[in-house]
Amino acid sequence: MKVVLKLLKNPTSLIGIVLLLTYVIVAILAPAIAPVPQNSRDPYMIPRDGFKTAPGLPSAKHFLGTTEGQYDIFYGIIWGTRTAFRVGIIVTILTLILGLVIGSLAGFYGHWIDELLMRITEIFLAFPFLLAAITLTSVLQAIYGKISAGPLMILTKLLALITFAQGFDQALNPIQMSILTGMMAIIAFGWMTYARVIRSNILSVKEVEYSLAARMVGANDMRILFRHLMPNAVFPVLVMASMDIGSYVLTFAALSFLGLGAQRGYADWGQMISFARNWIPSLAENWHIVVFPGMAIVLFVLAWNLVGDALRDILDPRMRGRGAGL
Amino acid sequence: MLTYIIRRLLLLPIILTSVTILIFAMMSLLTPYERASLYVSDIPKQSGALEGIIEKYGLDDPAPVQYWYWLVGRTDPETGEIKGGVLRGNLGWSKTGKGDVAEVIGRRLPATIELALWAGIPMIAIGVWLGVLSAIHHNRLIDQLLRVFSIVGYSIPVFVFGLLVLLIFYARLDWFPPGRLSDWAAQIVQSNNFTSYTRMYTVDALLNGRLDIFWDAFIHLVLPVITLAYLNWAYLLRVTRSSMLDILRQDYMTTARAKGLIENVVIRRHALPNALIPVVTVGALTLIGLLNGVVITETVFNYPGMGSFLSEAALSLDVVSVLGFTLFASFILVAGNLFVDVLYGAIDPRIRLE
């Protein structure tokens, strides 16, 4: 509670919180702000007004103009808010869980399990993050449709269940598939820092008296790990992860920008900006195809960073009592 | 120090082997049809051709066997020629680049190095300077402004920033064009009168004494360099600032001031050398991190380097190229990390003594 109060008192984090709340409201009210056309099959597909190639300038009918192929920018930005939250939050939670499981197993069991898991962590760290995400996305997209069963498909379906609330029996369409592959790639190469931090936290709380006390009264490994150690080791990592939501949204937007995340016409900010690549010489006239979706991403990520930045200062004990401006 | 370096060097083969295993694991998710690109440039369009290739190169062998051949290459039973083999530098055939993956990387590498070199110096110098400035004016207006600058800085995606500078400086003002050379300059560079020493155009132009081409290559570099540098300034600024603030609170800083040293000397002689220790690491890591940055930057600016090659290959799902490139990049990263660790040990006595 004290932390929340401090966040509200700090002007920069207050701006962040207000921005975030605005985005949350926009995401919730999306159907009211940008009504779905009646003949639409998927509300996340941006409605088109004709098929002319050249982008349309802002007008009475299209408040923020249209992109190449006449996709309505206003609609895309509003519904894109939902995509951003969905991708950002789900990716963060799943990456965090993966990191928590690996890190806590390594820290708790020690010995060869620790050694093995930490070496695996190092291998994953040997890849530049964005490159690795691009690589894995393209691998997963290349094999899509060629394998129907196997553990990979089960994982994909699980992710579809979480992301699109889609049952196991339904087939995945290519649009969903390309979003899911992008998310999977980010998760697969994002967990390492969390694993390392949680491991060292567990190592430091493992030898504390209450853990020994729990063992004395006969608690089993899992109970000690999950009831006694995790809650004490997990909090700093939670804070870390919450600050990373912005950067995951950025990474996914980058994938979409390259044409690997969300597909053409899907309400996703990165995808909308990728249209601008074809209009670089005439950007002076078609400024709106960069500026509006760009603003949506920048403010979204900025909001997370403002809150995260303030949170880090508040929670960092070294910074305590050193004046409000820090 | 020596044992430290030796220990790190001994770990190197283990990490590199693991990297190849992970890359190979991703590779083996592909169908034999796609993996055929590892050994042949084209599959003849006749029935049985694919089966022949699968048979010949053992693309349905058990995974460990395939991994071994992927590493060392496989001898063609008829011609005796060795095909494939990552250790021999054969990364397979790139459908996107219409050539061997390694050859395409080699062709594209000078452009990226040129970009990274031009970006590196202003990036680190200005980033560190801003950080120091922020720390010595702690909590004053300039610090607050720089703080806002850095938070906004790392909230802007590379591609948005790149497109915005293109909008202003190319589409509107027409000062700095995208691409790498103007058409007229490209013609001269490809002609026989122009000797390509390094295939970095700014360097070659100077060596050939062509200032007009140097200028043309230079104005093409300005926007991508600004884009790469700006996004890293935000990060370097923060690291330098917090490291500098830590140092400024140390007791020996008070001692230095108590001795009556003027502030300038205190900062330059006592604070800065110590504050720069973490910055050196971060700076070097940022240079390696350009590997990430160039992918988007080169794509936005249509700059024909390694990064734009990767994004083209990824988009056309040319996985053999993508994985070959990633393997190359991760080797650079591992080597770079090793270098940074050794450097860190060399400049920080506390680590050296451990």
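In chain A, the mean positions of the 24 positive and 17 negative charges are 3 Å apart. Here Lys and Arg count as positive and Asp and Glu as negative, while His and the chain ends are not counted; each charge is placed at NZ of Lys, CZ of Arg, CG of Asp or CD of Glu. For chain B, with 27 positive and 27 negative charges, the corresponding mean positions are 11 Å apart.

The model is predicted: local features need pLDDT of at least 70 and side-chain atom pairs count only at pLDDT 80 or more, whereas totals for chains, interfaces and linings use all residues. Residues are numbered from 1 along each chain as its sequence is written, chains are lettered from A and ligands numbered from 1 in the order in which they are written, and side-chain values use heavy atoms, with hydrogens and water left out.

Chain A contains twelve helices and zero strands. Helices (H or I, at least four residues) and strands (E, at least two) are DSSP runs, numbered from the N terminus. Along its principal axes, the C-alpha trace of chain A spans about 75 × 55 × 35 Å. Of its 326 residues, 55% are buried, a term that means under 20% relative accessible area, calculated with a 1.4 Å probe and protein chains only.

Chain B has 15 helices and four strands, and its C-alpha atoms fill a box of roughly 85 × 55 × 35 Å along the principal axes. Among its 354 residues, 51% are buried. Chain B is divided into domain 1 (31–90) and domain 2 (101–347), with bounds from an automatic or database domain assignment. The C-alpha centres of these two domains lie 39 Å apart.

What connects these parts? A nonpolar core is a set of buried Ala, Val, Leu, Ile, Met, Phe, Trp, Tyr and Cys residues joined through side-chain atoms within 4.5 Å. The largest such core has 205 residues, of which Leu283(A), Trp70(B), Phe159(B) and Leu163(B) touch the most other members. Helix H10 (residues 221–257) of chain A supplies the largest share of this core, 18 residues. Domain 1 and domain 2 of chain B both give residues to the core, so it lies between them.

Leu163(B) illustrates the arrangement. Apart from neighbours within four places in sequence, Leu163(B) is in contact (heavy atoms within 4.5 Å) with several residues, including Phe257(A), Ile273(A), Leu283(A) and Val300(B). A second, separate core of nine residues includes Ala185(B), Val189(B), Ile213(B) and Ala217(B).

Notes: Buried < 20%, exposed > 50% of the residue type's maximum accessible area, 1.4 Å probe, protein only.
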